[in-house]
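Subject: A structure for you to look through

Dear colleague,

Please open it first, and then read my notes beside it.

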Amino acid sequence: MARSVLVTGCSSGIGRAACEGLRARGWTVIASARQEADVAGLQAQGFAAVRIDHHDSASIAAGFDEAVALAGGRIDAIFNNAGHGMPGAAEDLPRGALEEVFSSNLFGLHELTTHAIRHMRAQGGGRIVQHSSVVGFTALRWRAAYVASKHALEGLTNTMRIELRGTGIHVAILNTGPVTSGFRDRSMAQFDRWIDAEASPHAEFYRVKWTARREAGRDAFELGPEAVVAKLIHALESPRPRRRYYITTPAYVAAVLTRILPDAAQDWIIARL
């Protein structure tokens, strides 16, 4: 019997690569996206696809139920990939921007995951894979909203993993560094929407370095989405999956440094990135 997986955030990038990679390995893939046009695009490529919008509880409930039906009544795994960034200094973030990021990256993700947990408890097991980030356990300047949401996701997931011991439901975290996708462009669109750059005390930084970053296109040590898919496959298929997977050199380096350096030393290093 084919294993089934629900993957969120599949309109492009990592989510799309995950769908393609898992389908090639024989998984029954149920892809999801927030926009109806993206759902239709996934269906045109042969994927079973549903609409799930993390900002909409009705969409989450209906989308999960539809995914179960499309999978023949059983969801063996969920890869929570959907979410978005929100660049900008902490002092420049209006409340609405922070609420929107948490709605997508934490509240909606959690609501969908609780549907999956109830389903997996009833069937006797399953796997949950959370797409976090290197900033889930460290910080970066000008990423306050995203850093905060991923720190919250890590705390929620770590607690969940402990509480689900003995249920047959395994929970894993993927901590990615820079990965090629459309994430950067979508994040900058949020910056343009929410941040009054010219009124900020960081206006010069936004004008000069932020513009340069947008034009650069790639980060140092950036990997393709296939690097994430390789770790995802291990988390889903291994008889002894890990609790945490680091992806890209920056994620490994940050994991070591956060364990051995005092906060003052970490701040000094991060302030120079």
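**What was found**

Arg95 and Glu99 sit four residues apart in helix α4 (residues 95-123), which means that about one helical turn separates them; helices here are DSSP runs of H or I with at least four residues, strands are runs of E with at least two, and both are numbered from the N terminus. These two residues form a salt bridge in which the closest N and O atoms are 2.6 Å apart, where a salt bridge means a side-chain nitrogen of Lys or Arg within 4 Å of a carboxyl oxygen of Asp or Glu. Arg95 is exposed, with a relative accessible area of 67%, whereas Glu99 is partly exposed at 41%; buried stands for under 20% relative accessible area, exposed for over 50%, and partly exposed for what lies in between (1.4 Å probe, protein chains only).

Before going further, please keep in mind that this is a predicted model, in which local features need pLDDT of at least 70 and side-chain atom pairs count only at pLDDT 80 or more, while totals for chains, interfaces and linings use all residues. Residues are numbered from 1 along each chain as its sequence is written, and side-chain values use heavy atoms, with hydrogens and water left out.

The salt-bridge count comes to nine, and Arg3, Arg25 and Glu237 are linked in a network of such bridges. Glu237 pairs with Arg3, with the closest N and O atoms 3.7 Å apart. Because Glu237 lies in helix α8 (residues 226-237) and Arg3 in the segment before β1 (4-7), this pair ties together parts that are 234 residues apart in sequence. Arg25 also forms a salt bridge with Glu237, and there the closest N and O atoms are 2.6 Å apart. This second pair likewise links distant parts of the chain, with Arg25 in the loop between α1 (13-24) and β2 (28-33) and Glu237 in helix α8, 212 residues apart.

Trp142, which is not a glycine, has a positive phi near 65°; Trp142 is placed in the loop between β5 (126-131) and α5 (144-163), and with a relative accessible area of 16% it is buried. Thr248, also not a glycine, has a positive phi of about 90°; Thr248 lies in the loop between β7 (244-247) and α9 (249-260) and counts as buried at 4% relative accessibility.

Turning to the whole protein chain, there are 10 helices and seven strands. The radius of gyration is 19 Å, close to the 19 Å that the globule rule gives for 273 residues, so the chain is as compact as a globular protein of that length; this radius is taken over C-alpha atoms, and the rule is 2.2 Å times the number of residues to the power 0.38. Along its principal axes, the C-alpha trace spans about 55 × 45 × 30 Å, and of the 273 residues 51% count as buried. Among contacts (heavy atoms within 4.5 Å) with a separation of 6 or more, 69% come from residues 24 or more positions apart.
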